[in-house]
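Let's take a friendly walk through a protein model together.

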Amino acid sequence: MLIIIEDFGLSVIRLFEYIGGLVFLFLETLGWIGRGSIRPRLTVEQMAILGVNSILIVVVTTAFAGAVLSLELAKQAVKFGVGRYVGGGVAIAMIREFGPMLTAIVVAGRAGSAITAELGSMKVTEQIDALMALATNPVRYLVVPRFLACIVMIPMLTMFANLAGTTGGGIVAYFLAGIEPHIFLNSIKNTVILSDLWRGLDKSIVFAAEIALVSCFQGLNTTGGAAGVGQATTGSVVYSIILIFISNFLLSAWLFPIH
Amino acid sequence: MNKEPMITIRNLTMRLGGRDVLHNVNLEIGRGETLVVMGLSGVGKSTLLKCMTGLLKPANGTIIIEGKDITKLKPAELNELRKNIGMVFQSPALFDSLTVGENVAFGLREHTRLPEEEIQRIVAEKLAIVDLEGMESLFPSQLSGGMQKRASLARTITTNPEVILYDEPTTGLDPIMSNVINELIMYLQKEFSVTSVVVTHDLESAFKIGNQIAMLYEAVIVEKGSPEEIKKSENPVVKQFITGSALGPIKV
Ligand SMILES: Nc1ncnc2c1ncn2[C@@H]1O[C@H](COP(=O)(O)OP(=O)(O)OP(=O)(O)O)[C@@H](O)[C@H]1O
Ligand SMILES: [Mg+2]
């Protein structure tokens with residue numbers, strides 16, 4: 001019993017240490033950005049890598065998510081004779097929730113893991129040490145460009161995701177429930193307001209920061225050779241996704257209150 | 001030569017994995033002097049070098065380089081001092097996402113505002129010194145182990161640091177190339193008064209390049225002296241080490 005309590009205590013301490021580490025990394029990153037210490041070439045390079053790596057998988061997954069959403073909604077809606085509202089339902093769900101969430105999850109799996117693997121292997125092969133020995137701060141050189149790339153690219157990808165999901169929904173609504181495209185679009189126009197879009201994108205900026213910080217933190221703290229890199233990478237995806245889900249709930253409760 | 005030592009290490013204790021890898025180590029390295037550190041594999045030589053460039057924080061003790069205690073510097077001050085301390089890593093630690101040329105140019109691009117042609121010229125010159133002419137556009141993974149080691153050496157010397165820490169610079173090199181590196185270390189000392197600490201297992205090069213040789217054994221410096229003194233040493237550990245005998249206090 002005592003051992004269990006001790007173990008539990010130890011994990012709580014580790015959890016707080018971990019969160020403390022993330023916060024510290026966040027502050028240091030903001031510090032460099034605040035001082036204008038941004039490397040345009042490295043940042044653009046990271047933006048390109050992130051965008052290219054993720055765009056296809058983001059579009060495909062969200063298109064099908066929108067499609068399945070529309071499938072379920074349209075079935076019910078047509079039964080109750082309110083098929084003309086399906087477009088708005090799909091678009092709201094995509095723009096407020098599924099677009100930002102799914103994009104973040106997919107990017108955490110695709111690009112976040114790649115960041116951890118890259119920084120982790122640099123850590124275990126002493127390249128991070130070499131960087132420091134060459135009088136270069138690893139947060140400034142490695143984390144800041146990746147952080148900025150995430151902050152810029154993930155909301156952009158989210159916009160593509162919103163578009164893909166809604167389009168997927170529209171296609172399914174037409175072919176499986178016979179809802180005409182102009183009715184689908186009209187419903188969107190009547191339901192979605194611009195602030196839905198902005199709030200959804202605000203969420204995706206928070207997710208982007210979480211992904212960037214977790215994946216860089218995991219990478220920079222990798223130990224234990226190649227096996228360690230694998231563990232750090234898995235951890236990076238798992239922790240990012242947990243954080244995304246928790247913060248998504250909190251943000252939705254705050255940004256989209258029930259009137 | 002300036003009387004004040006370039007590097008002074010006092011009572012350095014470094015704990016790793018629950019034991020003292022270094023225990024109350026004291027060393028002085030004069031300006032423009034080359035100190036060779038010898039010792040068995042795993043004794044803590046790399047650890048000593050990493051402490052000297054602030055990559056590892058010792059549990060106790062001070063390391064004073066150019067009058068500054070490296071264990072107590074703020075990050076920005078440490079970075080400033082590091083511009084003057086080069087380190088050649090045992091694992092070559094080249095940046096594998098950059099080409100050899102970009103690796104060698106790294107310090108110049110980060111810390112100087114030299115024009116691109118000038119950087120290219122310096123890089124070509126340094127690569128030629130380590131016999132890697134024209135290999136700028138290759139990636140580290142396309143080089144052999146020994147070539148990586150030499151590229152790493154080139155990366156360290158491009159910014160002309162006053163202090164260079166070499167972690168086994170000739171391990172894995174053929175005898176001819178080893179000699180080229182030894183000559184380079186001596187040339188840098190002669191021409192630019194570089195202060196060096198060289199970790200090596202290679203006795204021949206140790207006696208050739210070292211002004212002082214220190215032997216690290218069981219977390220402490222058991223002997224330090226000129227190459228002649230070391231050769232004549234009566235210390236059983238040193239004697240066994242330089243004769244490579246299986247018999248003696250060192251358990252094999
Ligand atoms: N991160 C670490 N955690 C725990 N122990 C470590 C760590 N790094 C090094 N050690 C231990 O410290 C000791 C010294 O290691 P170090 O790399 O300095 O040896 P070395 O003298 O350079 O050996 P070699 O000649 O083989 O390179 C080793 O016994 C090693 O097990
Ligand atoms: Mg070593």
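Leu22(A) is buried, since its relative accessible area is 12%; here buried means under 20% relative accessible area, exposed means over 50%, and partly exposed is in between (1.4 Å probe, protein chains only). This leucine is found in helix α1 (residues 2-34) of chain A. Helices (H or I, at least four residues) and strands (E, at least two) are DSSP runs, numbered from the N terminus. Leaving aside neighbours within four places in sequence, Leu22(A) is in contact with Leu213(A), Val214(A), Phe217(A) and Leu243(A), where contact means heavy atoms within 4.5 Å. Look also for Gln218(A): this residue is 196 residues away along the chain, yet the two C-alpha atoms are separated by 9.4 Å.

A word on how to read all this. This is a predicted model, in which local features need pLDDT of at least 70 and side-chain atom pairs count only at pLDDT 80 or more, while totals for chains, interfaces and linings use all residues. Residues are numbered from 1 along each chain as its sequence is written, chains are lettered from A and ligands numbered from 1 in the order in which they are written, and side-chain values use heavy atoms, with hydrogens and water left out.

Now turn to chain B, which has 9 helices and 10 strands. Its C-alpha atoms fill a box of roughly 55 × 40 × 40 Å along the principal axes. A compact globule of 252 residues would have a radius of gyration near 18 Å, and chain B agrees, with 18 Å. That radius is taken over C-alpha atoms, and the globule rule is 2.2 Å times the number of residues to the power 0.38. Buried residues make up 53% of the 252 residues in this chain. Take the contacts in chain B between residues at least 6 apart in sequence: 62% of them join residues at least 24 apart.

What lies inside? The largest nonpolar core has 84 residues, and Ile7(B), Met52(B) and Val197(B) touch the most other members. Such a core is a set of buried Ala, Val, Leu, Ile, Met, Phe, Trp, Tyr and Cys residues joined through side-chain atoms within 4.5 Å. Helix α5 (residues 138-177) of chain A gives the most to this core, with 12 residues. A second, separate core of 40 residues includes Ile157(B), Leu188(B), Met215(B) and Ile230(B). Beyond its neighbours within four places in sequence, Val197(B) has contacts that include Ile7(B), Ile29(B), Leu35(B) and Met52(B).

Met52(B) also belongs to the buried residues of α1(B), among them Leu48(B), Leu49(B) and Cys51(B). This helix (residues 45-52) is largely enclosed by the rest of the structure, because 7 of its 8 residues are buried. Just after α1(B), Gly54(B) takes a positive phi of about 75 degrees.

Which loop holds Thr99(B)? Thr99(B) sits in the one between β6 (85-88) and α3 (100-111) of chain B. With a relative accessible area of 14%, Thr99(B) is buried. Apart from neighbours within four places in sequence, Thr99(B) is in contact with Glu136(B), Ser137(B), Leu138(B) and Phe139(B).

Finish at Lys239(B), in helix α9 (residues 236-243) of chain B. Lys239(B) is partly exposed, with a relative accessible area of 40%. Setting aside neighbours within four places in sequence, Lys239(B) is in contact with Ser233(B) and Glu234(B).
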